[in-house]
Amino acid sequence: MTTNPAFELVVRRHGTSVLRMCTALLGPGPDAQDAWSETFLAALRAYPALAAGANIEAWLITIARHKAIDILRANHPVPMDELPESAVLPELTGQLEMLDSLASLSELQRKVIGYHYLLGFPYADIPAFLGGNPASLRRAAADGIKAMRSQHHEAEEES
Amino acid sequence: MSELAMHEMDVLRSQLAERAAAEGLIDVSYRLVDSPVGQLMLAATERGIVRVAFTAEDFDAVLGTLAEKVGVRVLHRAAPLDAAAAQLDEYFAHSRTGFELSLDHRLSSGYRLEVQLALPKIGYGHTVSYKEMAALTGRPAAVRAVGTACATNPLPILVPCHRVLRSDGSLGGYLGGLEAKKVLLDLEHDRLAGPSS
């Protein structure tokens, strides 16, 4: 491949899954939509310089992650020294469709999983956004992951 | 995807295209239009219309070629192509015999471009042979090259390669298929022959 695909095809192929990721992190509505728009606008600016054949989905996830963190920070003015380390759950990066099952979790489970696994916040930092304590949030995430895994397996057995 | 989610995605995509245009981030805008020769894809750069494609060419493949040859920042955006869409409508409705549009000829070069630039000299409703076209460009022996120039015309209909036929009067080839070529020739012939002209 000498050139990356037309940007229109990138939006068509990944637009829905990026919105799903933004919605999982920020809830449905204007925040998720803003994160989506900022993600694709930033991607469009940088696209001509992206190496041909690059993993476009992973690249978009990285951009979306930064945009979601920007919006979270704007909404929750909590002190944070630096951007959290990337700690994306491999199962989630492999297939953003997995995020579909996030929608069926409780809001707390969904957000803790999003903040910790997609955005990379340590559990100790998450009470600043969601209240509670690190141990209870860790449990909520573990329950949510378990529910997602069993859903995912059911879906695979059906197909 | 639910209908609501599809609508949300459509709104987000069109907002993205508007913001991208405002920031000058678009290399190629494109849109689709319906016509008597099937759905057409129109594409434009900031210089003008750069491509008209027929359904048979596979629009996604054409977008890929535009990304490669013009720039990867290709987005769906109708506004820059409104004038072209309106003039094509008028053409197909027999109320227009020529196009007044800025064209971007960057997809052609050399003798092909020379031929394509000379094609509009063939008037509406008229036809010439590949051989006459070669003579018209001052290279009477270049009959085959004229055929290639017509077959690779990136701006069909607007640049009237459909008006070039074989010397025996048969249609020759056409990127959009022979049926499309016949529709265009009949359309122009009907208007000239019609009582209102």
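Guide: Let's start with a word we'll need a lot: a residue is buried when its relative accessible area is under 20%, exposed when over 50%, and partly exposed in between (1.4 Å probe, protein chains only). At 6% relative accessibility, B:Arg163 counts as buried. What you're looking at is a predicted model, where local features need pLDDT of at least 70 and side-chain atom pairs count only at pLDDT 80 or more, while totals for chains, interfaces and linings use all residues. Residues are numbered from 1 along each chain as its sequence is written, chains are lettered from A and ligands numbered from 1 in the order in which they are written, and side-chain values use heavy atoms, with hydrogens and water left out.

Visitor: Which residue forms a salt bridge with B:Arg163?

Guide: A salt bridge is a side-chain nitrogen of Lys or Arg within 4 Å of a carboxyl oxygen of Asp or Glu. The partner of B:Arg163 is B:Glu188, with the closest N and O atoms 2.8 Å apart. This pair links distant parts of the chain, 25 residues apart: B:Arg163 sits in the loop between H6 and S6 of chain B, and B:Glu188 in helix H7 (residues 178-193) of chain B. B:Glu188 is buried too, at 1% relative accessibility. As for those labels, helices (H or I, at least four residues) and strands (E, at least two) are DSSP runs, numbered from the N terminus.

Visitor: How many salt bridges does the structure hold over all chains?

Guide: There are 14. Have a look at B:Glu23 and A:Arg45, whose side chains meet at 3.0 Å, N to O. B:Glu23 is in the loop between helix H1 (3-22) and strand S1 (28-33) of chain B while A:Arg45 is in helix H2 of chain A, so this pair joins two chains. Both ends count as partly exposed: B:Glu23 has a relative accessible area of 40%, and A:Arg45 is at 42%. Salt bridges can also form a network, as B:Arg47, B:Asp104 and B:Arg106 do.

Visitor: What is the nearest side chain of opposite charge to A:Arg110?

Guide: For charge, Lys and Arg count as positive and Asp and Glu as negative, with His and the chain ends not counted. The nearest opposite charge to A:Arg110 is A:Glu107, 4.5 Å away, and A:Arg110 is buried yet has no salt bridge. A:Glu107 does have one with A:Lys111, at 2.9 Å, N to O. Those two lie in helix H6 of chain A, four residues apart, about one turn of the helix.

Visitor: Where are the rings of A:Trp36 and A:Phe40, and how do they sit?

Guide: Rings of Phe, Tyr and Trp (its six-membered ring) pair if their centres lie within 6.5 Å; planes under 30 degrees apart count as stacked, over 60 as edge-to-face and the rest as tilted. By this rule there are eleven aromatic pairs over all chains. In the A:Trp36 and A:Phe40 pair, the centres are 4.5 Å apart and the planes at 40°, so the pair is tilted. Both residues lie in helix H2 (residues 30-46) of chain A. B:Tyr91 and B:Phe92, by contrast, are edge-to-face, at 5.2 Å centre to centre with 70° between the planes. Ring pairs also link A:Phe7, A:Trp36, A:Phe40, A:Tyr47 and A:Trp59 into a cluster.

Visitor: How many residues are in the largest nonpolar core?

Guide: A nonpolar core is a set of buried Ala, Val, Leu, Ile, Met, Phe, Trp, Tyr and Cys residues joined through side-chain atoms within 4.5 Å. The largest has 69 residues, and A:Phe7 and A:Trp36 have the most contacts inside it. Helix H1 (residues 7-26) of chain A gives the most to this core, with eleven residues. Apart from it lies another core of 38 residues, including B:Leu40 and B:Tyr174.

Visitor: Which residues of H6(B) are buried?

Guide: They are B:Val146, B:Ala149 and B:Cys150. Because they cover an arc of only 95° around the axis, they are on the same side of H6(B). The arc is that of the directions from the helix axis to the C-beta atoms. In general, an α-helix has 3.6 residues a turn, so residues three or four places apart point the same way. What covers the buried residues of H6(B) includes H4, H5 and S6 of chain B.

Notes
Contact = heavy atoms within 4.5 Å.
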